[in-house]
Amino acid sequence: METAPLISVLIPSYNTERYVGEAIASLLAQSFHDFECIILDDGSTDRSEEIILHFMRWDTRIRYERHRSNEWIAKTRNDLIGLARGKYIAFLDSDDTAYPERLLQQYTYMEAHTECGVCGSNFHIVHQAWKKLYDIINPESDEAIRRSLALKNPFWQNTVMIRKECFSRVWLYDRAFDVAEDLELWTRIGTCYQFHNIQEFLGTYRIHGENSIKKRAIPMLRNTIKIHKKMKGLGYRIPWNIELFIKIRNFSFFLFPFLAPYMIQPPRLWVVLIKKIFHLWK
């Protein structure tokens, strides 16, 4: 009987023919080798399948499945989890990349800290032409991550490794949240496990015209508001000053919906917005 790999790297793919090859290549360059890579195409209409099949001929660790039609991201991630055989699950989006030490560093940490359910890292934001735009530095400790949950997403899907047993305890992604589905999942995992972010840059997130964070900013912010309300029911304590900030932000969202992309982006982009406004006043 074939031995199950230690890590299952799961890649949801949809119309990313320009980038999916780079995502797969970054996995094949990992210093950690005991993994499987499962790619689930969510009904792409471009050449994504042709590129994926090309890589499959070179490495037997790559598995490929396909949805006949577009099922959206939460179902795609859940289907991928159902296919995974590893003790740990690492997500990588098909337009992003992992640096060579990512799997090794996260695996080493998770093995040494059995109380940790989700392990992320810092990463670089890059333009579609590989120009580095800025760095994302996430909170490190469990305490700091829990504090930040009410303000912003302390993990990005392209960097996380999750203990597979988490899904047996808190279940899968909630399909009612087809945007911000990851933030909703973290709040449930946090009721049973601790969090951690490795303070090294272990991958990239690519900004381009098809990113959901740019195309679906308003629904994402609406779902974020729902998740914050749900957090109270799960027992999370939100300090009064953070609660006040959230209320002001939500009120501003309904008055000025064009601000939504800035509200869900990293705080550094608020500085860019303020500078732009100041420039208009000069």
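**Reading contacts, rings and helices**

Modeller: Leaving aside residues up to four places away in sequence, I242 touches R147, A150 and L151. Please bear in mind that this is a predicted model.

Biologist: Where does I242 lie, and is I242 buried or exposed?

Modeller: I242 belongs to helix α10 (residues 240-255). Its relative accessible area is 13%, and I242 is therefore buried, the cut-off being under 20%. As for L151, it is 91 residues from I242 in sequence, yet the two C-alpha atoms are 7.3 Å apart.

Biologist: What share of the contacts in the chain joins residues 24 or more positions apart?

Modeller: Among contacts with a separation of 6 or more, such residues account for 79% in the protein chain. The chain has 282 residues, of which 54% are buried. Its secondary structure consists of 12 helices and nine strands.

Biologist: Let us turn to aromatic rings. How is a ring pair described?

Modeller: One gives the distance of the centres and the angle of the planes. This structure holds eight aromatic pairs. In one of them, F123 and W156, the ring centres are 5.0 Å apart and the planes stand at 50 degrees, so the pair is tilted.

Biologist: Which parts of the chain does the pair of F123 and W156 tie together?

Modeller: F123 is in strand β6 (residues 116-127), while W156 is in the loop between α5 (142-149) and β8 (161-163), so the pair ties together parts that are 33 residues apart in sequence. F123 counts as buried because its relative accessibility is 0%. W156 likewise counts as buried, at 13% relative accessibility.

Biologist: How does the pair of F155 and W186 read in these terms?

Modeller: F155 and W186 form an edge-to-face pair, with 5.5 Å from centre to centre and 70 degrees between the planes. F155 lies in the loop between α5 and β8, and W186 in helix α7 (residues 181-189), so this pair ties together parts that are 31 residues apart in sequence. F155 is buried, with a relative accessible area of 0%, and W186 is buried with a value of 0%.

Biologist: Which residues do ring pairs link into a cluster?

Modeller: The cluster consists of F32, Y88 and Y107. A ring may also meet a charge: the charged end of R77 sits over the ring of F91, 5.0 Å from its centre.

Biologist: R77 brings us to helix α3 (residues 73-83). Which residues of helix α3 are buried, and what covers them?

Modeller: The buried residues of α3 are A74, T76, R77, N78, L80 and I81. Their cover includes the strands β1 (7-13), β2 (35-41) and β4 (88-91), together with the helices α6 (166-170) and α7.

Biologist: Finally, how does one describe two packed helices?

Modeller: The description rests on the angle between their axes and the distance between the axes. For helix α1 (residues 20-28) and helix α2 (residues 48-56), the axes come within 9 Å and cross at roughly 20 degrees. Angles under 35 degrees count as roughly parallel, and α1 and α2 are therefore roughly parallel to each other. Their crossing is right-handed.

Biologist: Which residues meet where α1 and α2 pack?

Modeller: On the side of α1 they are V20, G21, I24, A25 and L28, and these meet I51, I52 and F55 in α2.

Technical notes. Residues numbered from 1 in each chain as written. Predicted model: local features only at pLDDT ≥ 70, side-chain atom pairs only at ≥ 80, totals over all residues. Heavy atoms only, no water. Phe/Tyr/Trp six-rings, centres within 6.5 Å; stacked < 30°, edge-to-face > 60°. Helix = DSSP H or I, 4+ residues; strand = E, 2+ residues; numbered from the N terminus. Buried < 20%, exposed > 50% of the residue type's maximum accessible area, 1.4 Å probe, protein only. Lys NZ or Arg CZ within 6 Å of the ring centre and 35° of its normal. Axes fitted to C-alpha atoms, helices over the stretch in contact; angles between N-to-C directions. Parallel < 35°, antiparallel > 145°, perpendicular 65-115°, else oblique. Left-handed = near helix turned anticlockwise from the far one by under 90°. Contact = heavy atoms within 4.5 Å.
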